[in-house]
Amino acid sequence: MIGPARPITGLREALASGRPVVTCEIGSGDGADPEALRRRAHLVREHVDAVNVPDNTAGVVHMSALAAAAILAQEGIDPVMHVTCRDRNRLALQSDLLGASALGIRNILCLTGDHVIHGDQPQARPVFDLDSLQLLGLAVHMTRTGRYLSGREIKPPPDLVPGATENPFAPPYDFRPLRLQKKVEAGARFIQTQIIFNVERFAAFMARVRDLGLDRAVPILAGVAPLRSARGARHMRDHVPGLEVPDALIRRMEQAGEERSRREEEGIRIAVEIIERVREIPGLGGFHLMPIHWEEAVAPICERAGLRPALAGAREPEAAAVRGGVRGPDLSNHREQTA
Amino acid sequence: MVSETARAPSALLRRAQAFFRRHPRTERLLDRLARPLEIALKRPIFGCRMCGQCTLHETGLTCPMGCPKTLRNGPCGGVRQNGHCEVVPEMMCVWIKAERRSRWLPWRGAILRIQPALDWSLKGSSAWMNVLSGRVQKGGP
């Protein structure tokens with residue numbers, strides 16, 4: 001059996017604990033070597049409850065998210081497997097969800113997926129048989145009813161924790177909280193947001209989310225990423241659809257200069273500032289870090305911002321006592337929804 | 001799949017469905033006749049792609065099949081800051097239009113309904129006939 005050597009505690013238990021949760025996305029790998037993936041995972045594992053592995057990010061071929069997540073599960077790290085609708089029809093999606101569960105992968109992040117047109121092989125035929133909401137509904141359906149879409153029984157059914165995303169920084173802004181509401185209705189058990197650079201817009205989004213009562217229905221993890229250079233920041237602003245990078249941040253990165261240590265320091269400082277400001281917004285369930293190919297930044301960001309995994313206390317009681325708790329928003333209402 | 005339960009069909013619709021169950025050849029004939037009519041009407045106005053399971057009334061009278069990702073449940077996260085499509089930069093996002101137009105409709109809440117997965121076997125057939133014959137239930141298959 002290839003499954004995990006021991007039962008993993010991770011995102012599910014962290015979400016149930018009611019304490020602020022920390023997750024982190026790492027690169028799934030650009031080659032056939034599992035060591036590189038393990039090395040990246042070990043850079044972040046002590047700081048997070050679960051580790052996300054993306055599914056052909058930006059439409060560029062990487063190692064399969066299923067394989068990468070299985071490798072993490074073997075290491076005793078709770079993976080969050082990204083599943084997109086771009087490359088697989090509903091048959092392949094169902095078999096992948098089943099395979100994931102068999103390999104000890106429980107957390108599934110349901111995404112639409114970046115279009116192939118922005119990837120390295122724009123000639124490919126995009127699939128989009130389902131959309132992200134229907135995929136989410138599919139994962140919930142398989143887990144709750146123990147049946148395939150056809151109605152045929154799954155013996156035994158997969159045990160999945162399906163999650164979803166929302167991007168408060170893409171128009172139509174008024175519709176984004178409503179789309180999140182749809183995802184909660186479809187059965188999302190956690191939400192990870194797009195990278196926050198514009199805190200004001202995120203605060204406005206969260207105000208509407210609270211009006212709809214969604215923050216009490218599902219833990220929302222705020223997405224944060226460190227900038228690494230002014231060039232990278234400008235690229236994000238101009239060429240990554242759905243990302244909003246304010247000019248003020250780009251100017252700060254420019255002022256930090258070209259020297260590597262100085263611009264990296266500034267990028268980490270900005271990320272920590274964003275975390276501190278976002279933390280003031282009520283209704284959040286934690287943070288989701290996206291250190292795009294820069295996993296080394298996770299440790300300093302977590303340390304300076306005082307982020308620690310929800311289950312840190314359970315795993316290492318002494319360390320938790322020393323570091324002191326994160327003063328997050330009141331999460332007492334976050335109870336794991338019954339599957 | 002998570003979706004609202006289908007609304008109970010009206011008595012008239014029930015009778016039509018029963019009729020077409022008994023007369024499948026008539027149904028096929030009417031489907032063939034309805035197709036060109038439906039294309040002629042809906043393509044110029046809505047850019048209809050003949051998915052065979054029309055959801056126009058629930059998506060602000062905007063055809064979601066014009067979306068390069070054929071998303072039927074709302075916009076993807078890649079909408080540009082100017083509201084245009086990430087795949088076709090010169091095109092306004094279908095869902096920006098859908099959301100704007102839905103506000104003017106008396107049934108504006110319909111856009112919040114979770115749309116079930118498409119039945120691709122119905123592509124090219126008449127959505128009207130699919131409702132009359134009961135192949136597509138209004139309110140979701």
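At roughly what angle do the axes of helix α11 (residues 260-279) of chain A and helix α12 (residues 298-305) of chain A cross? They cross at roughly 40° and come within 9 Å. Before going further, please note that this is a predicted model, in which local features need pLDDT of at least 70 and side-chain atom pairs count only at pLDDT 80 or more, while totals for chains, interfaces and linings use all residues. Residues are numbered from 1 along each chain as its sequence is written, and chains are lettered from A in the order in which they are written.

**Two helix pairs**

Helices here are DSSP runs of H or I with at least four residues, strands are runs of E with at least two, and both are numbered from the N terminus. Axes are lines fitted to C-alpha atoms, for helices over the stretch in contact, with angles from 0 to 180 degrees between N-to-C directions.

| Pair | Axes come within | Crossing angle |
|---|---|---|
| α11(A) and α12(A) | 9 Å | roughly 40° |
| α5(A) and α6(A) | 9 Å | roughly 20° |

Angles under 35 degrees count as roughly parallel, over 145 as roughly antiparallel, 65 to 115 as roughly perpendicular and the rest as oblique. α11(A) and α12(A) are therefore oblique to each other, and α5(A) and α6(A) are therefore roughly parallel.

Residues are in contact if their C-beta atoms, placed from the backbone, lie within 7 Å. On the α11(A) side, I268(A), A271(A), V272(A), I275(A) and E276(A) meet P300(A), I301(A), R304(A) and A305(A) of α12(A). In the other pair, L133(A), L136(A), G137(A) and V140(A) of α5(A) meet K182(A), K183(A) and A186(A) of α6(A).

**Meeting chain B**

Across the interface, 31 residues of chain A are in contact with 26 residues of chain B. Helices α5 (132-145) and α6 (176-186) of chain A each supply at least two residues of the side that touches chain B. The largest share of that side, six residues, comes from α5(A).

**Inside chain A**

Chain A has 14 helices and eight strands.

Leaving aside neighbours within four places in sequence, M81(A) is in contact with residues including V53(A), A69(A) and I105(A).

Terms used
Two residues are in contact if their C-beta atoms, placed from the backbone, lie within 7 Å.
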